Amino acid sequence: MCIRFFATVAAALLLPACSIHPLPEDVTGVNTYHIVRQIRCETRAAAIDIIVRELRREAEAGDDAMAQRILGKYDADPEWISNFSPDLFVGPDYARYRDLYKVITTAAVAYNFDLTMSETNNLGTSVNLLGPWSPKFTAALGGDANRSRSNQRTFTVTDTFGELLKINTLVRGVRYCDKHLVEANFIYPVAGRIGVDEMVLTFFNLSLFGALEAQQAKPGAGGPPAMADKLTFTTTIDGSVNPAKVVFNPVGSGLQVADASLSGTLTRMDTHVVTVGLALDSKVSASLNSLRGYLFSRQRGFGVAVADSGTTASRSVRNAQIFNTLTADVGNSSAKELAVTMVDQQKSREFQLVRSR
């Protein structure tokens, strides 16, 4: 009876945090789908911010009627941005505008998620028996139940910025990004804002003003700008049931329970690696030099460029889906392929070739 009581108490204390198949929602209530949605919506918000900021420069500083008209539609209904397209700028006078917004909307982002959840549950009990042979002699019984489980979930998602503008359309009365763009979560970072907006801003600053290029290009030949960030978040949760002990007064002369105690520990460690790659489409990268000169001459820009370096190296296959360390659907977008290549190159650094003797 006593042993069953202590086992029941321990299970009640430890069971809420236990799981057979560890998942992110065990800790935060946020599942994998919502984690991906949060990061995609954060990237979408960054793209919208860049486009709207540039429209305001044209509408206010440049006093451009077409930019004012487009901006007016956005101000009246922010969801109108899903209709935005470089082709809205019609005519030869807006060739540079179309070039600029094509660079932005055809750029691609690849997110590789490596979510690892590990859990350990230990439960220990001990019972001391008092025998009739001597009031000072006891026989101790003990038992442990130690369990551990782990789950690693890996996948890759790709978008172009033009596609991201359109993902918030109304479906069955609900928008994809409505009420799901949350603030930073310092306890479980991958469930909140992770700072993709800064990366997007830096990437376009470097692409348009910092001469960022792909290092896989031949010296002097140039190449589509690309860069990658690797973010690693680790959250460890420790819980324990302190040893509890109950002492019984001897009654009668038979074998009796003198005292019983239990202890329990729970350790949960979640390590989440999100590698984000950004790249421009090769079809628009040819216009970068003239576009950079135009932007500099107009003293325009998205902000102060931050010095950084972007590298890319992996096998390149037309419409590739299988890379060195991951598999991704890149469709017919060279920007998506390059963005995934950036992620692949970043992840490839984790492996080291060891020559066998």
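Student: How many helices and strands are there in the protein?
Tutor: There are 10 helices and 6 strands, where helices (H or I, at least four residues) and strands (E, at least two) are DSSP runs numbered from the N terminus. Keep in mind that this is a predicted model: local features need pLDDT of at least 70, side-chain atom pairs count only at pLDDT 80 or more, and totals for chains, interfaces and linings use all residues. Residues are numbered from 1 along each chain as its sequence is written, and side-chain values use heavy atoms, with hydrogens and water left out.

Student: What share of the residues counts as buried?
Tutor: Of the 357 residues, 45% count as buried. Buried means under 20% relative accessible area, exposed means over 50%, and partly exposed is in between (1.4 Å probe, protein chains only).

Student: And the accessible surface, what does that come to?
Tutor: About 18700 Å², with 54% of that belonging to carbon and sulfur atoms. The areas come from the Shrake-Rupley method with a 1.4 Å probe, and for residues only the protein chains shown count as cover.

Student: Which residues have the most contacts inside the largest nonpolar core?
Tutor: Leu55, Phe84, Phe89, Phe113 and Phe204, in a core of 62 residues. A nonpolar core here is a set of buried Ala, Val, Leu, Ile, Met, Phe, Trp, Tyr and Cys residues joined through side-chain atoms within 4.5 Å. Helix H3 (residues 32-61) gives the largest share of this core, 12 residues. A second, separate core has 13 residues, including Ala110 and Ala339.

Student: Let's zoom in on Phe84. What is Phe84 in contact with?
Tutor: Leaving aside neighbours within four places in sequence, Phe84 is in contact with Ile51, Leu55, Ile70, Phe89, Tyr101, Thr105, Leu165 and Lys166. Contact means heavy atoms within 4.5 Å. Phe84 is buried, at a relative accessible area of 2%.

Student: Switching to rings: how many aromatic pairs does the structure hold?
Tutor: It holds 10 aromatic pairs. Rings of Phe, Tyr and Trp (its six-membered ring) pair if their centres lie within 6.5 Å; planes under 30 degrees apart count as stacked, over 60 as edge-to-face and the rest as tilted.

Student: Why is the pair of Phe84 and Tyr101 edge-to-face?
Tutor: Because the planes of Phe84 and Tyr101 sit at 80°, with the ring centres 5.2 Å apart. Phe84 is in the loop between helix H4 (65-76) and helix H5 (95-106), while Tyr101 is in helix H5, so the pair ties together parts that are 17 residues apart in sequence. Tyr101 is buried too, with a relative accessible area of 1%.

Student: What about Phe203 and Phe204, what are the distance and angle there?
Tutor: That edge-to-face pair has 5.3 Å centre to centre and 65° between the planes. Phe203 is buried at a relative accessible area of 0%, and Phe204 is buried at 0%.

Student: Which residues do ring pairs link into a cluster?
Tutor: Phe84, Phe89, Tyr94, Tyr97 and Tyr101.

Student: Which ring does Arg37 lie over?
Tutor: The face of Tyr176, at 5.8 Å from the ring centre. The test is NZ of Lys or CZ of Arg within 6 Å of the ring centre and within 35 degrees of the ring normal.

Student: OK, Asn151. Where is Asn151 found?
Tutor: Asn151 is in strand S2 (residues 138-160), and it counts as buried at 12% relative accessibility. A polar atom of the Asn151 side chain lies 2.9 Å from the backbone oxygen of Pro22. For a polar contact, the pair of N or O atoms is within 3.5 Å; within protein, one must be able to donate a hydrogen and the other to accept it, and residues adjacent in sequence count only if both atoms are side-chain atoms.

Student: And Arg175, what does the side chain reach?
Tutor: The Arg175 side chain reaches the backbone oxygen of Asn168 at 3.0 Å. Arg175 is in strand S4 (residues 174-175) and is partly exposed, with a relative accessible area of 21%. Arg175 and Glu79 are 96 residues apart in sequence and 9.9 Å apart in space, C-alpha to C-alpha.

Student: Last one: is Leu88 in a loop or a helix?
Tutor: Leu88 sits in the loop between H4 and H5. Leu88 is partly exposed, at a relative accessible area of 33%, and its contacts beyond four places in sequence are Met66, Ile70, Trp80 and Asn83.
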